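Please look over the sequence and the structure below before reading on. The paragraphs that follow go through a few parts of it in turn.

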Amino acid sequence: MRTLMIHSDYLRYKTRSKTKIAEDIDDEKRDAGVDNALVAFMAVEEEDEENPEIIITKAVKEILNVQNKVNADNIVIYPYAHLSSSLSNPDVAQKILKGIEVELVDNNEAVMRVPFGWYKSFELSCKGHPLSELSRTITTEVEEDEDEDETEESKPSSFYILEENGDVYDADDYNYTVKTLKQLVNHEQGNSHEDTGKQPPHVKLMKEKELASNEPSADVGHIRWYPKGKLVKDLLGDYVYNLVTERGAMPVDTPVMYDLADPAIREHAAKFGERQYRLKTKHKELMLRFACCFGAFRILADSFLTWKNMPVGIYELSQLSFRFERQGEVVGLKRLRAFTMPDFHSACLDDEHAMQRFVEQVDMCAQTEKDLEVHYEVAFRVTEDFYAENEDWVKEVVRDHIKKPVLLEVIPEMKHYWNAKVDFAAIDDLGRPIENPTVQMDIQSARRFGITYLDENEEQQYPTILHCSPTGSLERVICSLLEKTSTDKGNKPSLPLWLSPTQIRIIPVTDNHMEFSEQLYEQLRSLNIRVDIDDTPERVGKKIRNAGKEWVPYTLVVGDNEVESGKITVNRRADDSKYESSVEELADEIHNMTEGMPFRQLPLPYKVSKRVKF
């Protein structure tokens, strides 16, 4: 079952016409309304037919829990098939919705159930506080460690600020000097007041700069990439490949689809139940991966490992990973249903060995902040037990490797598979985090997937596994780069030089200067510079402005003086400087500024007049 719960000032609905599956109703239910209500829009799904009673019980528990938090006077059960594409049999759906109504009434709640199977118009006013819009996925699965008297929600995380010197402050009492750290804390605590209806700047920019756009004929949250955007994405992929292979990772490719009949796959997937694309064939229930864990773990489980091999690094750039994010939260490149994730998994001897490698991978993630020219805030998340045993180590990581105050989240109990995790996040123009690099210490998956190694005493041991994405999804990296152009008000908007689709644009003053421009182009291209020529009939001033709109870092205006002297006049966008140079000197300048970064040639016609307008 999928449900969207909205705390409303009021709800008014009116039935319009019946469908074939409509229930019979009295006249008073054709047109009704209620004030200060928790409205639960609900879609009963095919898998709910396995155990309707569990769905009823869990749904009631969720509704009452949210109602208690928002202090709503009334509850509305609203059948809403649009929340799912895998709906149950209508008879089962009615049974479940009526069952939820009965149990809520038995709890002495004021409940209104909107008629099933009718076309309806409705008017609703959402209150707009942090808990006024919540979605839930309710399944028939019963968590083995679930305590009905004390849920995870009744034991919330504790939030602190951990400074470089080891001092720890309550997050609510800390004297913030960095705005973005405060924004991260507010978001994590559910206290942010961002305008969720406002479009973040990168959505406009990704289209305006002809990088990417949504594919209207696919599911929501699926992106099509144009040549410039694909170049940037491919360069980022090359960059991560170099980072991880330099640190011993072995690249692999694994399937995107997995059989949920495999107990290990099903158990691991259950920890991300609300994010899955699932599909059924005649004999199987399958899921599309949300990360590369499944394939990497199957490879490790099927390999013969010894203590001499450790650590064993498996890396995959998933060209497609899938998460069935809520439609209302899918936006631009920040939150997608299909994305590209660099996934690096390291099997380590034990927890102590993993902690050593953890620090190295934190350093790798921090390096991407410098190379991508973005600013990250950091959240260090640990379980209470782990923090109690390893407080000094946590503080050492912050002091010697992160080197700035971080948000420290202490979690009462392990919720997923990790007991320690570091998340790096850029903050967008609306004050919301864009989750980027991460390192996680996994103490469960080796046992679940049967991954073992032979120790020095020839005994089988389970390794501790690190999950690391050095950049986060490539889409979110590009999102961060574009958002930075709005948040970084002091500089001209740009991409890092090594990621700029065109690094140099040659602008001939007239057609008489085209021959020399072509010679410059050939020289610069042979020196591994992405260069093009604006041969359009526009005036020189317009060509220069067009180069600026495309964020081209360098422009070379070629006129009579340049043809006669053989020297070039360079206009550098970053600082508005203008100077004379030779081709070799300019190439050396660009190579020095992009040293160590990957390079690919221009993926477009080098003459601007020949290009398609995407």
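Isoleucine 507 has valine 557 of strand β26 as its bridge partner. The model that shows this pairing is a predicted one. Strand β24 covers residues 504-508, and β24 and β26 pair in the parallel sense over 5 bridges. Strands of a sheet pair through backbone hydrogen bonds, either parallel or antiparallel.

Strand β26 also pairs with strand β27 (residues 568-572), here in the antiparallel sense and over 3 bridges. One of the residues involved is threonine 555, whose bridge partner in β27 is asparagine 571.

Now consider the side chains of β26. In a regular strand the side chains alternate between the two faces of the sheet. From β26, Tyr554, Leu556 and Val558 point one way, while Thr555 and Val557 point the other way. Are these residues buried or exposed? All are buried. Because 5 of the 5 residues of β26 (residues 554-558) are buried, the strand is largely enclosed by the rest of the structure.

The next topic is open space. Rolling a probe the size of a water molecule over the atoms shows where empty space is left. The second largest pocket holds about 650 Å³ of space. It is lined by 28 residues, and the closest to its centre are Glu210, Lys228, Arg505, Glu550 and Lys613. By type, the lining divides into 12 nonpolar, 4 polar and 12 charged residues. Helices α5 (227-245) and α13 (540-549) each supply at least two residues of this lining. Which of the elements gives the most to the lining? That is α13, with 3 residues.

Tyrosine 226 lies in the loop between β10 (223-225) and α5. Its relative accessible area is 14%, so tyrosine 226 counts as buried, the limit being under 20%. Glutamate 352 is 126 residues away from tyrosine 226 along the chain, and the C-alpha atoms of the two are separated by 45 Å.

Last come the cysteines. A disulfide is a covalent bond between the sulfur atoms of two cysteines. For a pair to count here, the two sulfur atoms must be within 2.5 Å. By this rule the count comes to 0 disulfides. Cysteine 292 is in no disulfide, as the nearest cysteine sulfur, that of cysteine 293, is 7.5 Å away. Cysteine 292 is buried, with a relative accessible area of 1%.

Note on methods:
Residues are numbered from 1 along each chain as its sequence is written. This is a predicted model: local features need pLDDT of at least 70, side-chain atom pairs count only at pLDDT 80 or more; totals for chains, interfaces and linings use all residues. Side-chain values use heavy atoms; hydrogens and water are left out. Buried means under 20% relative accessible area, exposed over 50%, partly exposed in between (1.4 Å probe, protein chains only). On a 1 Å grid over the protein atoms alone, a cavity is a set of points where a 1.4 Å probe fits but cannot get out, and a pocket is an open set with protein on both sides within 12 Å along at least five of seven lines; lining residues have an atom within 4 Å of a point. Grid points are joined across faces, edges and corners, and a volume is the space filled by probe spheres set on the points. Helices (H or I, at least four residues) and strands (E, at least two) are DSSP runs, numbered from the N terminus. Ala, Val, Leu, Ile, Met, Phe, Trp, Tyr, Cys and Pro count as nonpolar, Asp, Glu, Lys and Arg as charged, and the others, Gly among them, as polar. Two strands pair if DSSP finds at least two bridges between them.
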